[in-house]
Amino acid sequence: MIRDQIEIAIGDRFKMSTLGAARCPRLAAKGGVIVGGGQYPCTIRVIFDGCKSPTALHRDYIEPVSRYSTA
């Protein structure tokens, strides 16, 4: 599984992964910040850019954005 390979921490920026974009096409181009864990071990709570309230997503639906990326 993807979550075994990627370290995710609260406060990190993220973008939707390829799997997440395929499963949630309306969120495909969005990114945001990780704000905490979800009710279940496989979920994570995030706030998308421009939104006020958090959303719970499956961990495999997001991937961290490199801190050193220029894009």
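Select Phe-14 and show its surroundings. Leaving aside residues up to four places away in sequence, Phe-14 touches Gly-31, Gly-32, Val-33, Ile-34, Val-46, Ile-47, Phe-48, Ile-62, Glu-63, Pro-64 and Val-65. Keep in mind that this is a predicted model.

Now check the burial of Phe-14. Its relative accessible area is 2%, so Phe-14 is buried.

The structure holds one aromatic pair. The ring centres of Phe-14 and Phe-48 lie 5.6 Å apart, and the planes meet at 65°, so the pair is edge-to-face. Phe-14 sits in strand β1 and Phe-48 in strand β3, 34 residues apart, so this pair links distant parts of the chain. Phe-48 is buried too, with a relative accessible area of 4%.

**The core.** Next, select Ile-8, Phe-14, Met-16, Cys-24, Ile-34, Ile-44, Val-46, Phe-48, Leu-57, Tyr-61 and Ile-62. These eleven residues form the largest nonpolar core. Colour β1 (13–16) and β3 (43–48): these are the elements that give two or more residues to this core. The largest share, three residues, comes from β3.

**The sheet.** Switch to a cartoon view. Five strands make an open sheet in the order β4-β3-β2-β1-β5, with antiparallel pairing. Which strands are at the edges? They are β4 (55–58) and β5 (62–64), and each pairs on one side only. On average, neighbouring strands are turned by 50° against each other, direction ignored.

Zoom in on β1 and strand β2 (residues 31–37). The two run antiparallel and are joined by three bridges. Strands of a sheet pair through backbone hydrogen bonds, either parallel or antiparallel.

**The helix.** Move to helix α1 (residues 18–23) and pick Gly-20 within it. Is Gly-20 buried or exposed? Gly-20 counts as buried, at 0% relative accessibility. Now draw a distance from its C-alpha atom to that of Asp-60. The separation of Gly-20 and Asp-60 is 7.1 Å, although they are 40 residues apart along the chain.

**The cysteines.** Finish with Cys-42 and Cys-51. Cys-42 is partly exposed, with a relative accessible area of 27%. Cys-51 is also partly exposed, at 37%. Cys-24, by contrast, belongs to the largest nonpolar core. How many disulfides does a search of the whole structure find? The answer is zero.

Conventions
Residues numbered from 1 in each chain as written. Predicted model: local features only at pLDDT ≥ 70, side-chain atom pairs only at ≥ 80, totals over all residues. Heavy atoms only, no water. Core = buried A, V, L, I, M, F, W, Y, C linked by side-chain atoms within 4.5 Å. Buried < 20%, exposed > 50% of the residue type's maximum accessible area, 1.4 Å probe, protein only. Helix = DSSP H or I, 4+ residues; strand = E, 2+ residues; numbered from the N terminus. Contact = heavy atoms within 4.5 Å. Disulfide = S-S within 2.5 Å. Phe/Tyr/Trp six-rings, centres within 6.5 Å; stacked < 30°, edge-to-face > 60°. Pairing = 2+ DSSP bridges. Axes fitted to C-alpha atoms, helices over the stretch in contact; angles between N-to-C directions.
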